[in-house]
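Please look at the structure before reading on.

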Amino acid sequence: MANLKEVKERINSVVSTQQITKAMKMVAAAKLRRAQDKITQMRPYSQKLTTILNNVSAASDGQADIVFAEKREVNNVLVIPITSDKGLCGAFNTNVLKASSAAIAGQFAGKNITVLPLGKKAFEFFKKRGFNVIDTYYQVFSDVSFENVKLAAEFAMNQFADGNYDKIVLVYNHFKNVATQEVIVENFLPMSSDTEDAVKKGSDTDYILEPSREYIIEELVPTSLKIQFFKAVLESNASEHGARMTAMDKATENAGELLKDLRLMYNRSRQAAITNEILEIVAGANALGGK
């Protein structure tokens, strides 16, 4: 039977841990609410901006030369994994790192790989494994604002425009709900041409453009790409808090189950100790009575 003091210490330890996980769950819930509001407000704007860009581009009949849509032979690839700075969020970071590694080993096998990590976990993971890592923007989650995030987007866009990379992909968690995050490996550059259906559906829209269609496209494309990049960061941020909230909720439940077992063990040990004391007293009384 377990020692009463040891069991009591374990109970106190689990109670303290449970209080911490409860507090972390509440903090994550508060942060999630704000992050969820941001991403739900961003999605319609991002989708509408992309639709407008698609419609204007389709109506230009290829007259506008978009540098970010230039397709080349893929030799140099920039992978942008988006993770968190901290752990204790279940498989949130692991899923992104696994998906990034799988893409590098599979889809981009034999290519020159450079990693632009966003988030401390991604930076540490790829740095430790000897990848060519750009360490300028991995602390982006210290201030999740458009002004801060667009610096990383502009860097990636400029590197593509200069021909340093032939393909740029984003790997991040898409926020579906508190309990569900879906890992996405998304093409960032060159601009995807798989939106033809969307273009056909909205190509009848007639826009009055000033000063010119080409100028509007030239202004819209960089803005649309930066919004797409910022949206991926917001998706990951909301997913992180959702995953942490779920993980801490589960940890709190597990602590409660463990407390039940420990308290049962404690009561049994205490009962056994009391029974032994009673038996010793009875045996002593019988021994004295025998005299």
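The model is predicted. Is K167 buried or exposed? K167 has a relative accessible area of 18% and therefore counts as buried, since the cut-off for buried is under 20%. Leaving aside residues up to four places away in sequence, K167 touches V74, N76, V77, L78, Q107, F108, F160, N187, L189 and P190.

One of these contacts, V77, stands opposite I113 in β2. The strand pairings are listed below.

| Strands | Bridges | Direction |
|---|---|---|
| β1 (residues 76–81) and β2 (residues 112–115) | 4 bridges | parallel |
| β2 and β3 (residues 132–133) | 2 bridges | parallel |

The chain goes from β2 through helix α3 (residues 120–128) to β3, in a right-handed β-α-β crossover. A right-handed β-α-β unit is also made by β1, helix α2 (residues 92–105) and β2.

Which residues of α3 are buried? They are A122, F123, F125 and F126. These residues lie on the same side of α3, because they cover an arc of only 170 degrees around the axis. In general, an α-helix has 3.6 residues a turn, so residues three or four places apart point the same way. The cover over the buried residues of α3 includes β1, α2, β2 and β3. After α3 comes G130, which has a positive phi, near 80 degrees.

Terms used: Residues numbered from 1 in each chain as written. Predicted model: local features only at pLDDT ≥ 70, side-chain atom pairs only at ≥ 80, totals over all residues. Heavy atoms only, no water. Pairing = 2+ DSSP bridges. Right-handed = clockwise from strand over helix to strand, strands pointing away. Buried < 20%, exposed > 50% of the residue type's maximum accessible area, 1.4 Å probe, protein only. Contact = heavy atoms within 4.5 Å. Arc of directions from axis to C-beta.
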